[in-house]
Structure formats: structure tokens, C-alpha cells
Amino acid sequence: MAKGIIVFFSFLLLLASPYLASASGSGLSYDFYKTTCPSLELLVKKEVARIYYIHGNAAISFLRNMFHDCAVQGCDASLLLESVPGHPGEKGSEHNTGMRNFKYVDEIKAAVEKACPGVVSCADIIILSGRDGVAMLGGPQFKVKTGRRDTRKFSLAAADATLLPQDVDVTTFLNLMETFGLDIREAVALIGAHTVGRTHCKNLVKRLYPTVDPTLNYTYSYYLKKRCPTPHPPLKAVLYSRNDPITPMKFDNNYFKNVIQMKGLLKLDNALYLDPRTKPYVVKMAKDNNYFYAQFVEGISILTEYKVLTGLQGEIRKHCKWVN
Ligand SMILES: *[C@@H]1O[C@H](CO)[C@@H](O)[C@H](O)[C@H]1NC(C)=O
């Protein structure tokens, strides 16, 4: 009798498993839009290239969108929703300072809607444009799964609580990465995305004034002080320093080479080289660009499948800024 029950339950589990799988987010596939929007991947790629030649920094924004969307309640395009009265959007989080170029995501969405109305999610557009942005910046080319759906929920409080502050320590960083399913090696590779883009002086001055952070290269601090000449940067002026002054628009392993010379802009950048858990990977990625690329692709594939909505969950937004 008892055996019969166990067999019965295992049978139920077997029956239920495809549905369980899709509820937990693996309802994604390569070429999800093969029949509903066959031109999608080529179309997004062309749009990203078109935008890149107008405004190269947009490619970096597309890369950042993946992290800042996926980290907060999963890859569901919650990042893109505008505030409505009484309900502030995630873009207003202080951890999203400097996130911009959202209008270009809207342009890509408009082009996609024209070709395939009502079928492609903004959540997938974030991932596809991020992936293509990395390629435009000279980084690795790789396949990503699609089939994500758009959320109707967003939360400034969740963005404030989940996105990392500029002065985060290695343990907090690794713990968060672990919740996304990322191991230490993949976590270090993803931080390599700091090889492109810039850091606002607002986030730098604490490491320069009144005294220079001892984990920062002292010679380099002279250069940084030139970029950020006062401890209280005026709010309006967009003072910043390139994360990687050598090849700021190239997705390469220069970030790790800089970090080894204590030239990381954020506290975390330098801390990754000082911490015995992460240092071996920093060293290896500084030596071997292909190793960095391979780990980055592995990590980004895991992150971009984190807590996705699939099947009939959520919706397909018409405009990425608003729920339907
Ligand atoms: C600091 O930067 C200088 C100048 O680029 C470099 O020569 C030196 O090796 C760096 N210091 C460390 C500790 O790596």
C-alpha cells in the first residue's frame, strides 16, 4: 500500500514536471520567436548597430540594462516602467544613477512592433539589445534564450534594496551573485563589464578626499583628482572618469589589467584583487581575454534567465514604459 502511494506520487510529479519547469523560469528557448517573429534577432542586431553609430554609449547602456533589470525581481523589464502617481519607478533608485538612453530601447521596440506587433516582450528586447551591444563593443558573440514575458509590477524599494551600493564589499557582492545562481568565477567575469563606461565623480570622491583610499593606486589618484577636482561635485555638471581610460569603448580584459595595478574606480574593483577568493580569477582574466569572455558568457546566460516570467505569466507590453 505504502509503496503504491509512493509510485502514485512519483507519477504525479513526472506528469507535473514540465509545468513546474515553466513556472520556475525554464520556459525559455533558443529561437522562441522562430514562427511568430522570424526576423527578430536580425532586426534587433541592425537597430543596435544603427544606434551605436549615432551614439556609441548607448551600447554600454544596453549592457547595463541587463544587470539592472535582472537583478531586481528577475529579467522582466520592471526597470523600464515609468513612475505613476503614488508609485515611483525603479529608474529613480539612487543605484540607477546614470542609467540612460532608454529612448533607444523604445526605438528598438517600435521597430520590432512594426515587424511583429504584440508578440515580443520588452524583457527579451533588453536581453537581445544587451547581447548585441556587447558584440558592437568588440566583445564576445553568443546565443541567448528568449521567451521572457513582461511584468506589470515594479518597485523602487526593491531596486533600492537589491542593487548594490558603490562601496559594496566583496562578501555582500558574492552573496548577491549567489542568489542569481552565479559562482565566484562567473561573478568576477560579470564585473569585467566595468571595462566599458564611466563612473560619476559623485561615486569617486569618497575615495579621493580628504585622503586617498589606501587600496587605490596613489599615482593614479592624481589623474582621478584632475577628473574630479572637488570633493563636492556640482550636481548639474556631469563630471566623470572613464572606467578604463586605455580602451574605454572596447569590451576587453583591460579592466582586470587595471585592477591588478590598483586602478579600479570603485572600492569593489580593487577589493576583488585583494580578496583571496576572487584574486585568482582576476589574475587569470587579466592574462587571458578568451578565458574572460568564456566566463562572462556563462555568467550572463545564467543571470539573464534569473526569475523570468514565461508562458501565460505577465504580458507582452505595447510600450516598454507602461503596462498595457
Ligand atoms: C600604479 O600606477 C603606476 C602608473 O601607471 C604603475 O607604474 C604602478 O605599477 C602602479 N602601482 C601598483 C601597486 O600596481
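Me: Is Tyr-53 buried or exposed?
Reply: In this predicted model, local features need a pLDDT of at least 70 and side-chain atom pairs count only at pLDDT 80 or more, whereas totals for chains, interfaces and linings use all residues. Residues are numbered from 1 along each chain as its sequence is written, and side-chain values use heavy atoms, with hydrogens and water left out. Relative accessible area is judged with a 1.4 Å probe on protein chains only, where under 20% is buried, over 50% exposed and anything in between partly exposed. The relative accessible area of Tyr-53 is 65%, so this residue is exposed.

Me: What kind of aromatic pair do Tyr-52 and Tyr-53 form?
Reply: Searching the whole structure gives 12 aromatic pairs. For Tyr-52 and Tyr-53, the ring centres are 5.2 Å apart and the planes meet at 80 degrees. Rings of Phe, Tyr and Trp (its six-membered ring) pair when their centres lie within 6.5 Å, and planes under 30 degrees apart are stacked, over 60 edge-to-face and the rest tilted. The angle between Tyr-52 and Tyr-53 is therefore that of a pair classed as edge-to-face.

Me: How many residues apart in the chain are Phe-251 and Tyr-293?
Reply: Phe-251 and Tyr-293 make a tilted aromatic pair, with 6.2 Å from centre to centre and 40 degrees between the planes. Both residues are buried. Helices (H or I, at least four residues) and strands (E, at least two) are DSSP runs numbered from the N terminus. Phe-251 belongs to the loop between strand E2 (240-242) and helix H11 (254-260), while Tyr-293 belongs to helix H14 (residues 289-303), and the pair thus links distant parts of the chain, 42 residues apart.

Me: Which residues have the most contacts inside the largest nonpolar core?
Reply: A nonpolar core is a set of buried Ala, Val, Leu, Ile, Met, Phe, Trp, Tyr and Cys residues joined through side-chain atoms within 4.5 Å. The largest such core has 76 residues, and it draws at least three residues from each of domain 1 (18-163) and domain 2 (181-302). A second, separate core of 11 residues includes Leu-204, Leu-216, Tyr-220 and Cys-228. Inside the largest core, the residues with the most contacts are Phe-173, Phe-251 and Phe-296.

Me: Why is helix H5 described as largely enclosed by the rest of the structure?
Reply: The expected span of a helix is 1.5 Å times one less than its number of residues. Helix H5 (residues 122-136) should accordingly span 21 Å, and its end C-alpha atoms are 20 Å apart, which agrees. Just after H5, Gly-138 takes a positive phi of about 90 degrees. H5 is largely enclosed because its buried residues number 13 of the 15.

Me: Which helices do the buried residues of H14 pack against?
Reply: The 15 residues of H14 should span 21 Å, and its end C-alpha atoms are 21 Å apart, which agrees. Its buried residues are Tyr-291, Phe-292, Tyr-293, Gln-295, Phe-296, Gly-299, Ile-300 and Leu-303. These residues pack against H3, H5, helix H8 (184-191), H11 and helix H13 (279-287).

Me: What is the phi of Ala-77?
Reply: Most residues other than glycine have a negative phi, and most peptide bonds are trans. Ala-77 lies in the loop between helix H3 (57-70) and helix H4 (102-115), and at 0% relative accessibility it counts as buried. Its phi is positive although the residue is not glycine, with a value near 65 degrees.

Me: What is the omega of the peptide bond from Tyr-209 to Pro-210?
Reply: Pro-210 is placed in the loop between helix H9 (201-204) and helix H10 (218-227). The bond that joins Tyr-209 to Pro-210 is cis, and its omega is near -10 degrees.

Conventions: Domain bounds come from an automatic or database domain assignment. Contact means heavy atoms within 4.5 Å.
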